[in-house]
Amino acid sequence: MVMIGAITWVRGILLFVTQIIGGLAAAALTEGLFPGALAVDTTLATTVSIAQGVLIEMILTTLLVFTIFMLAAEKHTGNFIAPVGIGLALFISELVGVFWTGGSLNPARSFGPPVVTRSFHSYHWIYWVGPLSGTVLAVLFYKLIKALEYESANPDPEAATAVIQTAGPTGGMIDLDQATDSSGTYVPSDKVVNGRLD
């Protein structure tokens, strides 16, 4: 979110630190509550190489982060249902990734358990490199489609019927396609600027 300007750097750093602390606290709480050894580490399946693990984590993180950008960072009328879409993206990512890599998608998830058990896998670094590179890929893809003005591919139907405030003496509301000036003369829509007649 920081890399696309949706939140400030200070807030982003605070959120990152908070997530790391949350991961540590969750792992410690889980170890304290349940009997036996803590077995919630994210680990690679025996058939998955380190390179494959990095790529799986990267691709799945890209899916999740791009979904967050489009549903939460982009402002539109569907924002109220963004949690459902983000939850589905996380569900799909976990459904695919949990068997192969443990489905980390976030360094905070993979950092807490090894700290609590004091046992890091030699490939623990993939749970940092994969999600971080996936995030960078999502940012690049987001900036690309913003540069290509993806909004113009499917215009907002509500914008086509928007009403604007006239500059006339009555101050009434009129349809954008039927804008007139104060004398009742038709004004082309290109003369309407920021909801007012230019």
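**Entry 1: the cavity**

I looked up which residues line the largest cavity and found Asp41, Thr42, Ser110, Pro114, His121, His124 and Tyr127. I noted what a cavity is: on a 1 Å grid over the protein atoms alone, a set of points where a 1.4 Å probe fits but cannot get out, with lining residues having an atom within 4 Å of a point. The structure holds one cavity of 30 Å³ or more, and the space in the largest cavity is about 30 Å³. A volume here is the space filled by probe spheres set on the points, which are joined across faces, edges and corners. I sorted the lining into two nonpolar, four polar and one charged residue. In this sorting Ala, Val, Leu, Ile, Met, Phe, Trp, Tyr, Cys and Pro are nonpolar, Asp, Glu, Lys and Arg are charged, and the others, Gly among them, are polar.

**Entry 2: ground rules**

This is a predicted model, in which local features need pLDDT of at least 70, side-chain atom pairs count only at pLDDT 80 or more, and totals for chains, interfaces and linings use all residues. Residues are numbered from 1 along each chain as its sequence is written, and side-chain values use heavy atoms, with hydrogens and water left out.

I looked up pLDDT, the predictor's confidence in each residue from 0 to 100. Its mean over the chain is 83, and 78% of the residues reach 70 or more. Over residues 162–168 the pLDDT is below 50, yet the model gives this stretch 25 contacts beyond near neighbours in sequence; a contact means heavy atoms within 4.5 Å.

I then turned to the largest pocket, which holds about 900 Å³ of space. A pocket is an open set of points with protein on both sides within 12 Å along at least five of seven lines. It has 27 lining residues, and Met1, Gln19, Val65, Asn106 and Thr135 are the closest to its centre. Helix α1 gives the largest share of this lining, six residues. Helices are DSSP runs of H or I with at least four residues, numbered from the N terminus. The pocket lining divides into 18 nonpolar, seven polar and two charged residues.

I found Gly12, Ile20, Gly23 and Ala27 of α1 to be buried, that is, under 20% relative accessible area with a 1.4 Å probe and protein chains only. Their cover includes α4 (107–117) and α5 (126–147).

Leucine 105 has a positive phi of about 60 degrees although it is not a glycine. I placed leucine 105 in the loop between α3 (82–100) and α4. Glutamate 149 also is not a glycine and has a positive phi, of about 55 degrees.

Definitions and conventions
Buried means under 20% relative accessible area, exposed over 50%, partly exposed in between (1.4 Å probe, protein chains only). Helices (H or I, at least four residues) and strands (E, at least two) are DSSP runs, numbered from the N terminus.
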